[in-house]
Amino acid sequence: MNKTMHGQKNFWQKSLRSTAWMLWLVMFLNTLSGQENGLNSRTNLADEQLIRIVKKHEALLGQYAEDPSKFGKRELSTRVQSVIAAYTAFNNDNTDDVFGYVLHGKFLREIGRFEEAYNMFQKANKLDPNIAIVKQQLGNFLAESGRYKEAYPLFVSAVKLDPEKAIYQYQLGAHLIYFGKQLQAEKQMSPMDFDRQLSSSLSEAVRLAPENRTYKHLFAESFYDLNKPNWEMALKIWTELLGPDSSKTQTEAIQLQRARVLAHLDKKIRGEEITTASDPSIFIRHQAQAPGSTWSKTLGVRPGDKAATSDNDSN
């Protein structure tokens, strides 16, 4: 697959976009942060102030997304600075408010001020190191900056803190696909750990969001990155992507991937022919379990005839 940093950056930016999510965060992040007692001392006024800022934030981005031509350069700059000033004032007045920093960081990230957003998420992380979304956002910035080694444990932490969130599982898997070779080469993880973690994260993402074809497609592609891929499982996942909801182009692409996997299965079985030729039952079982494979080279090979098998394989 195409593993460009540009493609990855576009992916990492697809998060935290709905007003409903934002308001939910304001009201309930304290239950995730582990600071419930401290945060309960927040006044209703502070809560209402933050919600007003969030609505102002979302209104600006929503209106701009709907029709950017409505905004002159000066007006857009003025409104952006107004939201930033409101968040900054709130942070200054509520220095121990973790989700004030999270929401400020979110806005800065959405307008492309990534380093400033990172600083806000760092402040939130210092207040509470057990918030999955903060780990995710810190990891996003580091991954986009090429600091993949520092980003990796943050994505792992996000998954550990909230293992039932599909996006965290997916992002960990995506990070391993982009940077897994480097992490293994630099001894950050063993090939066995890489295979286990990549397979686990993407299979969990698919389990948690079975309707998401993007997750399943990346899971299917991930078998090409494994050190010891299970090609039978890869064939199953690619086959599951076929269906009435697939376009003609998608179906053709999936069939090409299935053919690629079948070629790996065929190669794997051919590589085992020397060791299995002495036992016809093993050979027959492999042949039966590989649909669509071609077996022309094996015709005429007698069980136990190792020399004949070796000669055939060398052609």
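**Figure 1. Helices α8 and α9 are roughly antiparallel to each other in this predicted model.** The angle between α8 and α9 (residues 148–161) is about 160°. Angles over 145 degrees count as roughly antiparallel, so the pair falls in that class. The axes of α8 and α9 lie 8 Å apart. Their crossing is left-handed. From α8, the contact takes in Ala132, Lys135, Gln136, Leu138, Gly139, Asn140, Leu142 and Ala143. From α9, Tyr148, Glu150, Ala151, Leu154, Phe155, Ser157, Ala158 and Leu161 meet them. Sorted by class, the contact of α8 with α9 holds ten nonpolar, four polar and two charged residues.

**Figure 2. Helices α8 and α10 pack at an angle of about 25°.** Here α8 spans residues 132–144 and α10 spans residues 166–185. Angles under 35 degrees count as roughly parallel, and α8 and α10 are therefore roughly parallel to each other. Their axes are 11 Å apart. α8 passes α10 in a left-handed crossing. On the α8 side, the residues are Ala132, Ile133, Gln136, Asn140 and Ala143. On the α10 side, they are Ile167, Tyr168, Gln171, His175 and Phe179. This contact of α8 with α10 has six nonpolar and four polar residues, and no charged ones.

**Figure 3. Helix α6 packs against helix α7.** α6 covers residues 98–110, and α7 covers residues 114–127. The angle is about 165°, with the axes 8 Å apart. That makes α6 roughly antiparallel to α7. The crossing of α6 past α7 is left-handed. Val98, Tyr101, Val102, His104, Gly105, Lys106, Leu108 and Arg109 form the α6 side of the contact. Phe114, Glu116, Ala117, Met120, Phe121, Lys123, Ala124 and Leu127 form the α7 side. Class by class, the contact of α6 with α7 counts ten nonpolar, two polar and four charged residues.

**Figure 4. Asn91 sits in helix α5.** Helix α5 runs over residues 73–93. The relative accessible area of Asn91 is 4%. Buried means under 20%, so Asn91 is buried. Beyond its neighbours within four places in sequence, Asn91 is in contact with Gly100, Tyr101, His104 and Met120. Tyr101 and His104 are among the α6 residues that meet α7. Met120 is one of the α7 residues that meet α6.

**Figure 5. Tyr152 belongs to helix α9.** Tyr152 counts as buried, at 13% relative accessibility. Tyr152 touches Leu172, His175, Leu176, Leu183, Met189 and Gln197, with residues up to four places away in sequence left out. One of these, His175, is also among the α10 residues that meet α8. Tyr152 and Phe179 are 27 residues apart in sequence. In space, their C-alpha to C-alpha distance is 9.0 Å. Phe179 is another α10 residue in the contact with α8.

**Figure 6. Lys187 has a positive phi, near 60°.** Most residues other than glycine have a negative phi. Lys187 lies in the loop between α10 and α11 (191–208). Its relative accessible area is 72%, so Lys187 is exposed.

**Figure 7. Gln250 is found in helix α14.** Helix α14 spans residues 248–271. Gln250 is partly exposed, with a relative accessible area of 35%. With neighbours within four places in sequence set aside, Gln250 is in contact with Arg213 and Asp245.

**Figure 8. pLDDT stays under 50 over residues 273–278 and over residues 290–315.** For residues 273–278, the model has 13 contacts beyond four places in sequence. For residues 290–315, the model has 29 such contacts. Where pLDDT is low, the predicted coordinates should not be read in detail. Across the protein, the mean pLDDT is 80. A pLDDT of 70 or more is reached by 71% of the residues.

**Figure 9. The protein has 17 helices and zero strands.** Of its 315 residues, 42% count as buried. Among contacts between residues at least 6 apart in sequence, 62% join residues at least 24 apart.

How values were computed: Residues are numbered from 1 along each chain as its sequence is written. This is a predicted model: local features need pLDDT of at least 70, side-chain atom pairs count only at pLDDT 80 or more; totals for chains, interfaces and linings use all residues. Side-chain values use heavy atoms; hydrogens and water are left out. Axes are lines fitted to C-alpha atoms, for helices over the stretch in contact, and angles run from 0 to 180 degrees between N-to-C directions. Helices (H or I, at least four residues) and strands (E, at least two) are DSSP runs, numbered from the N terminus. Angles under 35 degrees count as roughly parallel, over 145 as roughly antiparallel, 65 to 115 as roughly perpendicular and the rest as oblique. A crossing is left-handed if the near helix is turned anticlockwise from the far one by less than a right angle, and right-handed if clockwise. Contact means heavy atoms within 4.5 Å. Ala, Val, Leu, Ile, Met, Phe, Trp, Tyr, Cys and Pro count as nonpolar, Asp, Glu, Lys and Arg as charged, and the others, Gly among them, as polar. pLDDT is the predictor's confidence in each residue, from 0 to 100. Buried means under 20% relative accessible area, exposed over 50%, partly exposed in between (1.4 Å probe, protein chains only).
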